[in-house]
Amino acid sequence: MTGAVHSERERTGPLRIDCHTVVVGSGAAGMVVATELAEAGTDVVVLEEGPFVRPDEYARWRPSESLRHVWRDGSLTVAFGLGGSPSVNVMMGRAVGGSSLLTGGVCFRIPESVLAHWSRELGLSGYAPHGMEPVFEHVERRLSVEEVPASMRSRSTVLFAEGAARIGLPMHPMRRNTVGCRGCGRCNFGCPHAAKTSVDVSYLPAALAHGVRVHSHCRVERVDFEGTRVRGVRGRLLNGPCGRPGDLLVVRAARVVLAAGAWCTPGILYRSGLGRRGGALGRYMTLHPAFRVFGLFDEPVRGWQGALQSAYSDGLEHEGITLTSLFVPPGIVAAALPGIGPAHARHVPDVERVAVFGGLIHDDPVGRLYHPFGRGPIATYRMSARDRARVPLLLDTMARAFFAAGARKVFLPVLGLPGVDADAFGRLELHRIPARRWECASQHPLGSAQMGTSPTHAVVDPDGKVWDVEGLYVACGSVMPTSLGVNPQLGIMAVATRIAWRMLGRL
Ligand SMILES: Cc1cc2nc3c(=O)[nH]c(=O)nc-3n(C[C@H](O)[C@H](O)[C@H](O)COP(=O)(O)OP(=O)(O)OC[C@H]3O[C@@H](n4cnc5c(N)ncnc54)[C@H](O)[C@@H]3O)c2cc1C
Ligand code: SF4
C-alpha cells in the first residue's frame, strides 16, 4: 500500500479516519516515529496543522513569504521575560516537516556529558552514551550527515574564525544533514535545492512508500480515551475562511503519539485532562537562549554566500556556551543598523560588509507554558542568575573575536545600543546592562513534557509513554529532561527513534 499527503484545506465536511497509530505533528520527531513504525508494518496516519509545501515551491518564496506560510505565528511567538529577564522570540516551523524545514542543517549528537547526567543522575539508564551510539548512527545515516568542508565557509565565518584563532578560541567544522549543498545560504527558509535533508526530503518518501497517510491542515485539540486506554484524537480541519478551524476531525486509533513539539504538545495533553499528575506538564521548559553579534568590516563580506552554518566553537563549553556560525537575511541585518529614515538609508549599503556569529546558552529549566481556559499557550521565562551571568561573557568573546579579525565596529544585541568601535567597547560594562535590554531569540524550545522515572516529577516514562494511559506516547522535543547545550534536531530525532524502537520491542 502506498501512502500520500492529503491537503484538507479545501475539504468540505468532517474527516473521520481509522488506523492503528496516529502521530500528531510531522516535524523532526513525528516523521521519524511514523517512518520507523510504518517500515515495521504498522498502519500509520500523521496529522499536521501546517501546509505541505514542496521544495520547488518554497524555492520561489521570498523570506517574508516563508515566514507567513511555514513559520508558526509568522515567527512572532514570544516567551515573556519575568523578573527582569529578556523576553525571548521563539521560532518554530508549522508545516509538513515542521521546524526541520527551517534548520541551518546543524547536526550535533547529544553531548556525552549530558547523556551521562541523564543516565546516572536522572535514572534514565537507557540513554547512557554507549546505548545511544547505534541510534545516533542510524539517524545520521538516514540524514546523510556530513562535515562541512572549509571551502564552503562564508567570508563571515572565515573572518570570525581568524579573530577566534587570535584570541585563542578553538573552531571546528560543523556537521550538517546535507547532500550536494550549493552554499546559497537560504537554509532557514527551506532549501530550494532539496540539498538539506529535512524530514520532508529524507524520511517522508520512505514513510509514503510504506503506506503512511499524511493529512495537512489538521489541528488536533485533544486525545480521546476510554477508561485508561487511548481511543484516538480529535480536533478541527483548518478548512474555514482564511484557514481558520472548520470541520470536525476524528481519528480512531489504538496508539497515539504526540509529536507536536515542545510548544504545542503540552496544550493537547492539558486539554485532554492528562499528564498533570506530578505538576510537571508545561513546566521546566528550556530555550537555549541565543544571541548574535554583528561585526562591521572595511571589506565586502557578503556572508550570505556559503553554507549557512559551517563552523562552531566549544571553547566556552565549560561555561555552558556554544558559539556557532550563522547568517541572517540582509533585510534583517539592515534592520539592526542604526538610524531612521535617511539616516538609516545611509547605513544600508553597509549590509554587505557585515559578518555575523551567534552563541547559545545551555540553560536552566525556567520556561513555563500556561493554558488559560484550555487555550494558549502563554509562555514565561525567568532566566536563572547563572545563565544571566553567562551572557556578558558570550557577548564579550564574540565581540573580541570580531575586533581581533579587524572589525571597525560591532553591533551587540542590546536594545538602544548603537554600533561600538574597539575603544567604546573597552569602556562598556557589559555586566551592568540590564538583562531585559538583551535581544534574545530561541529556535530550540525543549522539555515541557519531560520524561523521567516517576510520575511525581515527569509527564512520560523513559519510553515516552504517558503515565497511566495505555497506548499514549509523547515523542518530540518536549520530552527532553534537560537542555542539551547544542542544536537539538539530531538529539530529538535519536530520542524519537529510540521511543519508536521501544514500541516495536526492538531494544
Ligand atoms: C529557524 C530554525 C532553525 C533551526 N536550526 C537548527 C539547526 O540548524 N540544527 C538543529 O539541531 N536544530 C535546529 N532547529 C531546531 C529544530 O528544528 C527543532 O528542535 C526540531 O525540529 C524540533 O522537533 P519536534 O519534532 O519536537 O518539533 P517540530 O519539528 O517543530 O514539529 C512539530 C510539528 O507539530 C505540528 N503541530 C503543532 N501542534 C499541532 C496540533 N495541535 N495538531 C497538529 N499538528 C501540530 C507543528 O505544526 C509542527 O509541524 C532550528 C529551528 C528553527 C525554527
Ligand atoms: S546553503 Fe546548502 S542546504 Fe542551505 S539552502 Fe543553500 S543549498 Fe540548501
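Predicted model: local features only at pLDDT ≥ 70, side-chain atom pairs only at ≥ 80, totals over all residues.

Visitor: What makes the phi of Arg302 worth a remark?

Guide: Most residues other than glycine have a negative phi. Arg302 is not a glycine, and its phi is near 45°, a positive value. Asp468 also is not a glycine, and has a positive phi of about 75°. The loop between β20 (440-442) and β21 (472-474) holds Asp468.

Visitor: Why is Asp468 called exposed?

Guide: The cut-off for an exposed residue is 12 or fewer neighbours. Asp468 has 11 C-beta neighbours inside 10 Å, so it counts as exposed.

Visitor: What kind of peptide bond joins Gly376 to Pro377?

Guide: That bond is cis, with omega near 10°, whereas most peptide bonds are trans. Pro377 belongs to the loop between β17 (367-370) and β18 (378-381).

Visitor: How do you know that the buried residues of α4 line one face of the helix?

Guide: In α4 (residues 112-121), the buried residues are Val114, Leu115 and Trp118. Viewed along the axis of α4, these buried residues fall within an arc of 100°, so they line one face. In general, an α-helix has 3.6 residues a turn, so residues three or four places apart point the same way.

Visitor: Which residues of α4 are exposed on the other side, and what covers the buried ones?

Guide: Ser113, Arg120 and Glu121 are exposed on the other side of α4. The cover over its buried residues includes α5 (129-143). Just after α4 comes Gly123, with a positive phi of about 80°.

Visitor: Why is ligand 2 said to lie between domain 1 and domain 2?

Guide: Domain 1 (4-70 + 97-109 + 194-281 + 446-503) and domain 2 (147-187 + 286-442) both contribute residues to the shell around ligand 2, so the ligand lies between them. Of the 15 residues around ligand 2, those that come nearest are Cys181, Cys184, Cys187, Cys191 and Lys196. By class, this shell has seven nonpolar, five polar and three charged residues.

Terms used: Residues numbered from 1 in each chain as written. Chains lettered and ligands numbered in written order. Near = placed C-beta within 6 Å. Nonpolar A, V, L, I, M, F, W, Y, C, P; charged D, E, K, R; others polar. Domains from an automatic or database assignment. Helix = DSSP H or I, 4+ residues; strand = E, 2+ residues; numbered from the N terminus. Buried ≥ 20, exposed ≤ 12 C-beta atoms within 10 Å, placed from the backbone. Arc of directions from axis to C-beta. Contact = placed C-beta atoms within 7 Å.
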